[in-house]
Amino acid sequence: MRGAFVQVMELARRRFPGLEVVGTPYPLPAWKVPVVKALQAVQFGLLGMCLAGDKVFGALGVPVPAWYTANVASNRFGAAMSVWFVGNMVVTNMQNTGAFEVFFNGDLIFSKLAEGRMPTVPELIGPMQAFFEGPSGMQVGGATASRQGLTGGAGVGHGPEL
């Protein structure tokens, strides 16, 4: 999702110089947090088995299985790297929410969560353009302001805090 956020950020900054653009990660659903932690624990357990599995089997009083000796012990580095890369890929995919929300001046102007798609340029720029070129002449809370004066209050990002 970083790539999409960077594109939106660059578009907003290019169109409205001085606009503050802030991005935050969207929080994981509550049910995913323990699943991600469990997957990380399994990953580190498998890494431990790759590096010291024969000692673990010995400490447990269990003979070292033939599949371990043939596949893991003979290439500990390769097995550990496979566990590391595959585990990181799975955990990263589990942590990706796919959330993308754009807020401007405190108002939600687009939500990928609700729409199920990426925003179009007119959907993003339209509300900002209307705000800056509105009939009342750049009003912010009843007071006239310039684009540069809005940098503290306007934001584009993905996350609930914006």
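Strand 1 and strand 2 form a hairpin, with 2 residues between them. In the turn, N105 has a positive phi of about 55°. The model is predicted. The protein has 6 helices and 4 strands. Along the sequence they follow the pattern α-α-α-α-β-β-α-α-β-β.

**The hairpin**
- Strand 1 pairs with strand 2 in the antiparallel sense, over 4 bridges.
- V102 has its bridge partner in strand 2, and that partner is F110.
- Side chains in a regular strand alternate between the two faces of the sheet.
- In strand 1, E101 and F103 lie on one side. V102 and F104 lie on the other.
- These four residues are all buried, and both faces of strand 1 are covered.

**Nonpolar cores**
- The largest nonpolar core has 19 residues.
- Within this core, L19, V102, F104 and M128 have the most contacts.
- The elements that give two or more residues to this core are helix 1 (2–15), strand 1 (101–104), strand 2 (107–111) and helix 6 (121–132).
- Helix 1 gives the most to this core, with 6 residues.

**Helix 4**
- Helix 4 covers residues 76–95 and has 20 residues.
- From its first C-alpha to its last, helix 4 reaches 28 Å. That is close to the 28 Å expected at 1.5 Å a residue.
- The buried residues of helix 4 are A79, A80, V83, G87 and V91.
- Seen down the axis of helix 4, its buried residues fall within an arc of 95°, so they line one face of the helix.
- Cover for these buried residues includes helix 2 (32–59) and helix 3 (66–72).
- The face of helix 4 turned away from its buried side carries the exposed residues F77, F85, M89 and N93.

**Whole-chain totals**
- The protein has 162 residues, of which 30% count as buried.
- Among contacts with a separation of 6 or more, 64% come from residues 24 or more positions apart.
- The accessible surface comes to about 9600 Å². Carbon and sulfur atoms account for 63% of this surface.

Terms used:
Residues numbered from 1 in each chain as written. Predicted model: local features only at pLDDT ≥ 70, side-chain atom pairs only at ≥ 80, totals over all residues. Heavy atoms only, no water. Expected span 1.5 Å × (residues − 1). Buried < 20%, exposed > 50% of the residue type's maximum accessible area, 1.4 Å probe, protein only. Arc of directions from axis to C-beta. Contact = heavy atoms within 4.5 Å. Areas by Shrake-Rupley, 256 points an atom, 1.4 Å probe, with all protein chains shown as cover. Core = buried A, V, L, I, M, F, W, Y, C linked by side-chain atoms within 4.5 Å. Pairing = 2+ DSSP bridges.
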